[in-house]
Amino acid sequence: MRTSEDTEQMVREQYTTTTPGTSLERPKNEYVYKIGIYGWRKRCLYLFVLLLLIILVVNFSLTIWILKVMWFSPTGMGHLRVTKEGLRLEGESEFLFPLYAKEIHSRVDSSLLLQSTHNVTVNARNSNGEVTGRLNVGPKMVEFHGQQFQINSKTGKPLFTVDENEVVIGTDKLRVTGPEGALFEHSVETPLVKAEAFKQLRLESPTRSLSMDAPRGININAQAGNIEALSQMDIKLHSSDGVLLLDAETVRLPKLPEGTRGGSSISQGLYEICVCPDGKLYLSVAGVGSTCQEYSRVCP
């Protein structure tokens, strides 16, 4: 319902239709109208504007405080700098979640340190997100999972390569310094086996056989010592196409058995080396002629 005051403030306009040649004066407005927001609406508007200003000031202050605490700058945040080559981080940093990066390297004048209270794990993934390689450094061991593990020198020469089929050592020399030497469960292929200076070289198979094979020959050389071959059973020297050559100033066989014959014989300290049909060697007392037949009772 409209009150009497609202009724008095209503705009009254009169439209007069006149004919040509007649002029009529428009009646003057009898009332003055005020346009705007008044009363409690005006006070609410001012309060709302004031509240917005307070929120704006608080947000601006918090933004300045965060920028100051986090050390934001046009080049980065704190010790983190944004360069053309990527991100540069100075000082020590702690990552609470996994870090994904294409390349991580330290400064020229310092080393790169990766440290963790449990372990450090480096994963390599393919385009499908599957792990193709993993390096895990734990408190007790270092594990690597992948198709191949390779260590290269500064010039790019492979020094150590491991895969499912073989282990390749690309250095010119492999040195084993352990007191027990090196233990191999399977075969070893190498062009040279050499001991350190003034130390002995020993090849041993405690419970099985020891075999050395080479298509073009085997050379055993001791420049300042002796060569000993010890066996509990037999030592066999076999040449399929060549000869067995013993080239020395003196060849000694101190434990050859001495052949016997029916009667007694007088030895003058000279003996003759004889061979049984099965290849066994024995000694017989030397005479003017061969005495092997007379002393052949040692042959089976």
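**View 1. Asp-172, an exposed residue in a salt bridge.** In this predicted model, Asp-172 is exposed, with a relative accessible area of 78%. What does the side chain of Asp-172 meet in a salt bridge? The partner is the side chain of Lys-157, with an N to O distance of 3.7 Å. Lys-157 has a relative accessible area of 39%, so we call Lys-157 partly exposed.

**View 2. Arg-202 and Glu-204 make another salt bridge.** How many salt bridges does the structure hold? There are two, and here we look at the pair formed by Arg-202 and Glu-204. Their closest N and O atoms are 3.3 Å apart. Is Arg-202 buried or exposed? Its relative accessibility is 67%, so Arg-202 counts as exposed.

**View 3. Two Phe rings, tilted against each other.** The count of aromatic pairs comes to one. That pair is Phe-144 with Phe-149, and the ring centres lie 5.0 Å apart. Why is the pair called tilted? The planes are 55 degrees apart, and planes under 30 degrees apart would count as stacked and those over 60 as edge-to-face, so the pair falls into the tilted class. Phe-144 has 35% relative accessibility and therefore counts as partly exposed. Phe-149 is partly exposed too, with a relative accessible area of 30%.

**View 4. Asn-136, a buried residue in a strand.** Look for Asn-136 in strand 6, which covers residues 131-137. At 18% relative accessibility, Asn-136 counts as buried, because the cut-off for buried is under 20%. Which side chain does the side chain of Asn-136 reach in a polar contact? It is that of Thr-121, at 3.4 Å. Setting aside residues up to four places away in sequence, Asn-136 touches Asn-119, Val-120 and Thr-121, along with Met-141, Val-142 and Glu-143.

**View 5. Ser-284, with a relative accessibility of 0%.** Ser-284 has its place in strand 12 (residues 281-285) and counts as buried at 0% relative accessibility. A polar contact of 3.1 Å links its side chain to the side chain of Thr-291. What else is in contact with Ser-284, once neighbours within four places in sequence are left aside? The contacts of Ser-284 include Leu-270, Tyr-271, Glu-272 and Cys-274, and Cys-292 and Tyr-295 are among them as well.

**View 6. The largest nonpolar core.** Which residues make up this core? There are seven: Cys-274, Cys-276, Tyr-282, Val-285, Cys-292, Tyr-295 and Cys-299. Pick out Cys-292 and its surroundings: with neighbours within four places in sequence left out, Cys-292 is in contact with Glu-272, Ile-273, Cys-274, Tyr-282 and Ser-284. Two of these contacts, Cys-274 and Tyr-282, are core members themselves.

**View 7. Stepping back to the whole protein.** Of its 300 residues, 6% count as buried. The accessible surface comes to about 30100 Å², with 55% of that belonging to carbon and sulfur atoms. Among contacts with a separation of 6 or more, 12% are between residues 24 or more positions apart.

Conventions
Residues are numbered from 1 along each chain as its sequence is written. This is a predicted model: local features need pLDDT of at least 70, side-chain atom pairs count only at pLDDT 80 or more; totals for chains, interfaces and linings use all residues. Side-chain values use heavy atoms; hydrogens and water are left out. Rings of Phe, Tyr and Trp (its six-membered ring) pair if their centres lie within 6.5 Å; planes under 30 degrees apart count as stacked, over 60 as edge-to-face and the rest as tilted. Buried means under 20% relative accessible area, exposed over 50%, partly exposed in between (1.4 Å probe, protein chains only). A salt bridge is a side-chain nitrogen of Lys or Arg within 4 Å of a carboxyl oxygen of Asp or Glu. Helices (H or I, at least four residues) and strands (E, at least two) are DSSP runs, numbered from the N terminus. A polar contact is a pair of N or O atoms within 3.5 Å; within protein, one must be able to donate a hydrogen and the other to accept it, and residues adjacent in sequence count only if both atoms are side-chain atoms. Contact means heavy atoms within 4.5 Å. Accessible areas come from the Shrake-Rupley method with a 1.4 Å probe; for residues, only the protein chains shown count as cover. A nonpolar core is a set of buried Ala, Val, Leu, Ile, Met, Phe, Trp, Tyr and Cys residues joined through side-chain atoms within 4.5 Å.
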